[in-house]
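Here is a short note for a colleague opening this model for the first time. Please keep the structure in view while reading.

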Amino acid sequence: MPPDFSLPFVLSVAGAFLTSSVVAYVYVWPAVREMPRYEALRLLAAFHAFRFLGMNFLVSGFVSSELISDFAYQVGWGDLIAAVLALASMAALSWRWPIAVPIVWIFNIWGTMDLLNAYYMGITRIGNPGLLGAGIYIPALYVPLLLVNHGLAFRILWRKRALEQAA
């Protein structure tokens with residue numbers, strides 16, 4: 001194991017993934033699968049509109065001064081782009097733009113890859129989660145919620161496509 005391996009942090013992230021998945025399966029999925037497609041996707045995108053919070057990794061004092069600046073830069077700007085794409089998705093879905101679903105695909109792919117990249121960088125380049133300072137709750141709680149939410153959006157996107165192909 002790496003010297004900075006933190007079992008409590010790993011268990012916290014795993015617990016957040018498990019809990020997020022259970023809550024999504026029991027409460028969220030039954031509701032969104034019954035909603036019209038655009039409404040369900042708009043609701044799921046709304047949760048990601050708050051991803052501008054990742055910009056706090058660039059705020060002095062929010063994270064340790066020892067945190068790799070490349071990590072903070074990628075996480076902060078990646079999250080801000082995801083928040084803008086979420087807002088664009090919500091607008092496109094609300095106004096029924098013909099390109100609404102492709103915008104949601106772009107948002108969902110970008111958002112998922114951004115979160116996975118942040119975890120990858122955290123594991124391979126940071127190691128010590130204590131360097132995240134006050135931001136430790138973002139990967140420990142918020143990111144699992146966001147990833148599960150992306151999974152629900154992918155299910156809705158693929159489900160509709162599968163129904164269209166079957167018809």
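**Notes on the helices and cores**

1. Start with α2. Its buried residues are Arg37, Tyr38, Glu39, Ala40, Leu41, Leu44, Ala45 and His48. Buried means under 20% relative accessible area, exposed over 50%, and partly exposed in between (1.4 Å probe, protein chains only). Helices here are DSSP runs (H or I, at least four residues), numbered from the N terminus.

2. A word on the source. This is a predicted model, where local features need pLDDT of at least 70, side-chain atom pairs count only at pLDDT 80 or more, and totals for chains, interfaces and linings use all residues. Residues are numbered from 1 along each chain as its sequence is written, and side-chain values use heavy atoms, with hydrogens and water left out.

3. Helix lengths check out. The 12 residues of α2 (residues 37-48) should span 16 Å at 1.5 Å a residue, and its end C-alpha atoms are 17 Å apart, which agrees. The expected span is 1.5 Å times one less than the number of residues.

4. Which residues touch the most other members of the largest nonpolar core? They are Phe57, Leu67, Phe71, Ile126, Leu132 and Val143, out of 21 residues. Such a core is a set of buried Ala, Val, Leu, Ile, Met, Phe, Trp, Tyr and Cys residues joined through side-chain atoms within 4.5 Å. Two or more residues each come from α1 (7-32), α3 (69-94), α4 (100-126) and α5 (137-166). The largest share, 6 residues, is from α5. A second, separate core has 19 residues, including Ala24, Leu41, Val148 and Ala153.

5. Look at Leu67. Beyond its neighbours within four places in sequence, Leu67 is in contact (heavy atoms within 4.5 Å) with Phe57, Ala72, Ile126, Leu131 and Leu132.

6. Is Asp79 buried or exposed? Asp79 is buried, at 7% relative accessible area. This aspartate lies in helix α3. Leaving aside neighbours within four places in sequence, Asp79 contacts Arg51, Phe52, Gly54, Asp114 and Leu115.

7. Finally, check Arg96. Arg96 lies in the loop between α3 and α4. Most residues other than glycine have a negative phi. Arg96 is not a glycine, yet has a positive phi of about 55°. At 45% relative accessibility, Arg96 counts as partly exposed.
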